[in-house]
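Biologist: I am new to this one. Could you show it to me and take a few questions?

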Amino acid sequence: SSFTKIDEDFYEELEEALIVADLGVNTAMTIIEDLREKVKENKIKDTAGVRELLMEELKELMKNEENLYEFTEKKSVVLVIGVNGVGKTTTIGKLANQYKQKGKKVILAAADTFRAAAIDQLAEWSNRAGVELISQQENSDPGAVVFDAVQAAKAREADLLICDTAGRLHNKKNLMEELRKIFKIINREYPEAHKEVLLVLDSTTGQNALQQAKQFKDIADITGIVLTKLDGTAKGGIAVAIQTELNIPVKYIGVGEGIDDMQQFNSEDFVSALFEE
Amino acid sequence: MAFESLTDKFQNIFSTLKKKGKLSEQDVKLALREVKLALLEADVNFKVVKKFVKDIRERAVGHEVMESLTPGQQVIKIVNEELVKLMGEEKSDLTFSKESPTVYMMVGLQGAGKTTTTAKLAGSLKKSGKKPLLVACDVYRPAAIKQLQVVGGQIDVPVFTMGDKNKPVDIAKAAIESADKNGNNVVIIDTAGRLHIDEDMMGELIEIKENINPQEILLVVDAMTGQDAVNVAENFNEKIGIDGVILTKLDGDTRGGSALSVRAVTNKPIKFACIGEKLTDIEVFHPERMASRILGM
Ligand SMILES: Nc1nc2c(ncn2[C@@H]2O[C@H](COP(=O)(O)OP(=O)(O)OP(=O)(O)O)[C@@H](O)[C@H]2O)c(=O)[nH]1
Ligand SMILES: Nc1nc2c(ncn2[C@@H]2O[C@H](COP(=O)(O)OP(=O)(O)OP(=O)(O)O)[C@@H](O)[C@H]2O)c(=O)[nH]1
Ligand SMILES: [K+]
Ligand SMILES: [Mg+2]
Ligand SMILES: [Mg+2]
């Protein structure tokens, strides 16, 4: 942009860019403070160099370790959780399709027994992906659905059992306790399985997503984040705050409503997009 | 709440200044920095915050604050007043068309809460004596029609559907004919979620609007939305023209600064606040309550 000199205004502009991408004030300030130090250390003299360094630092921060997807190579139970409307059920359809195509045996569990037509929605995704669905009646106990599904997954030697759950706000005690119960049932009934807990976050969400991650993490060990709706104009910068504060990696991104609109997270692309207009 | 309230922060700043009696411009600047940070933490859009703080500065350096015995309280009061002003001072009711049926159209991003809110609105209109008809114009999302039928059933309001093989505009037109025939004086159209930058899908909404001329187009916005809320609201408003906003998911612990952003860029009133998944969880929007919430007071 317009800046050629490394001065207060320049740093302020960088900080603004981070805030506009939803990193949040605290994270943005911390990152810029670190950046100032490193610019001094490395004796960087031009603004282009500072920008480059910032991008590199962010890419490094968001870079994932190699073994993040090993759950797909094991017998795993994947529990998909998050607040209302973020894209859990759709993500499950996409995941089921992706791993079915890779030759895995996938079973879905319709443990959102609460929201209107949630079971029908997941049933449609199971048809599209061509995988089996375990479900019960609307308003039945989600724990019972998960129990059934685990028995089915064991009996049929499924590679992946993916459980849909009802959307719930992280500040609702009862609903969070219900989730804890579901998690317990999985651990008790299928201790030998790998547990993958994916928290789905809508990339248009602002600072509240950090709160969401914290509260859900208290209930079940989140192993990864799915950042949905990145096909819009939102940047999903809150994922940087979550990485910084809670050290939870983003594993997948959602880039549309179609069955193939999901990708493994790539820190290079993500960080580049943070700064695009 | 994860952060100190603005009131606490102000108290810290001003307690050290108390002995001075008067506020300097520098003091006001410090205070306004806290306001700025609080608003950003609450997800108010960056540009909106900048302009807002500039406007307040002009008021706050005036006599009423600098000479006051409780300057901290004064600044908070001004901030609050300006926020309420920006949010729309009065509550804003739904309007009805002269000719029956009155048609409302629900639009918004994916997962914002349109379908649920469609039923909530119908439920509350039914209570006030109207005879609503819900229209299933989401022909894309898996089980969207079923979802509307289920929530319609829960409030005992009929749902008009033609399945998912017809164009939404044709479904909407047929629904209005059906409403005429069956004496439904309110029609609420549920549309599919879409991105504001999806030209085809935005075109679909324009086509519906041009053909049925709804009384109000209501933009449904998730209160947890971050900085992007302005892009969404601006685009929906410029491309389709909205008449009001409904905020959803306010039962969470979000500060809900997106409310301010949306209001500031569209200048359209926020009409309802949704506060839960139950179909009775809808209330008339109160600007002053929202102002306090955003400030964390
Ligand atoms: N544009 C876009 N839309 C998405 C994406 N993922 C999901 N959606 C849409 O978001 C809306 C909500 O998705 P769901 O999968 O029903 O979300 P959910 O979290 O299961 O919702 P609840 O079960 O009600 O809490 C639907 O309209 C989806 O098509 C994405 O990556 N991009
Ligand atoms: N907690 C809470 N949840 C809500 C509220 N309004 C809607 N929801 C939930 O948000 C999720 C999405 O709601 P929908 O009504 O399906 O949203 P939509 O905008 O129709 O979604 P699409 O049609 O996929 O674009 C569901 O789980 C709803 O139960 C609210 O005010 N509070
Ligand atoms: K994007
Ligand atoms: Mg779901
Ligand atoms: Mg809907």
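Biologist: Which residues of α8(A) are buried?
Modeller: Keep in mind that this is a predicted model. A residue counts as buried when its relative accessible area is under 20%. By that test, the buried residues of α8(A) are N208(A), A209(A), L210(A), Q211(A), Q212(A), A213(A), F216(A) and I219(A).

Biologist: And what covers the buried residues of α8(A)?
Modeller: Several elements of chain A take part. The cover includes the helices α7 (173–189) and α9 (238–246), along with the strands β1 (76–81) and β5 (194–202).

Biologist: How far apart are the end C-alpha atoms of helix α8 of chain A?
Modeller: The helix has 12 residues, 208–219, and at 1.5 Å a residue it should span 16 Å. The model agrees with that, as the end C-alpha atoms are 17 Å apart.

Biologist: How many disulfides are there over all chains?
Modeller: Two cysteine sulfurs have to lie within 2.5 Å to count. For C274(B), the nearest cysteine sulfur is that of C137(B), 20 Å away, and C274(B) is in no disulfide. C274(B) is also buried, with a relative accessible area of 1%. Searching the whole structure gives a total of zero.

Biologist: Which helix supplies the largest share of the lining of the second largest pocket?
Modeller: That pocket has a volume of about 810 Å³, and 26 residues line it. At least two lining residues each come from α1 (8–20) of chain A and from α3 (46–60) and α10 (229–239) of chain B. The largest share, five residues, is that of α1(A).

Biologist: How many residues of that pocket's lining are charged?
Modeller: The lining has 11 nonpolar residues and five polar ones. The charged residues number 10.

Methods
Residues are numbered from 1 along each chain as its sequence is written. Chains are lettered from A and ligands numbered from 1 in the order in which they are written. This is a predicted model: local features need pLDDT of at least 70, side-chain atom pairs count only at pLDDT 80 or more; totals for chains, interfaces and linings use all residues. Side-chain values use heavy atoms; hydrogens and water are left out. Buried means under 20% relative accessible area, exposed over 50%, partly exposed in between (1.4 Å probe, protein chains only). Helices (H or I, at least four residues) and strands (E, at least two) are DSSP runs, numbered from the N terminus. The expected span of a helix is 1.5 Å times one less than its number of residues. Contact means heavy atoms within 4.5 Å. On a 1 Å grid over the protein atoms alone, a cavity is a set of points where a 1.4 Å probe fits but cannot get out, and a pocket is an open set with protein on both sides within 12 Å along at least five of seven lines; lining residues have an atom within 4 Å of a point. Grid points are joined across faces, edges and corners, and a volume is the space filled by probe spheres set on the points. Ala, Val, Leu, Ile, Met, Phe, Trp, Tyr, Cys and Pro count as nonpolar, Asp, Glu, Lys and Arg as charged, and the others, Gly among them, as polar.
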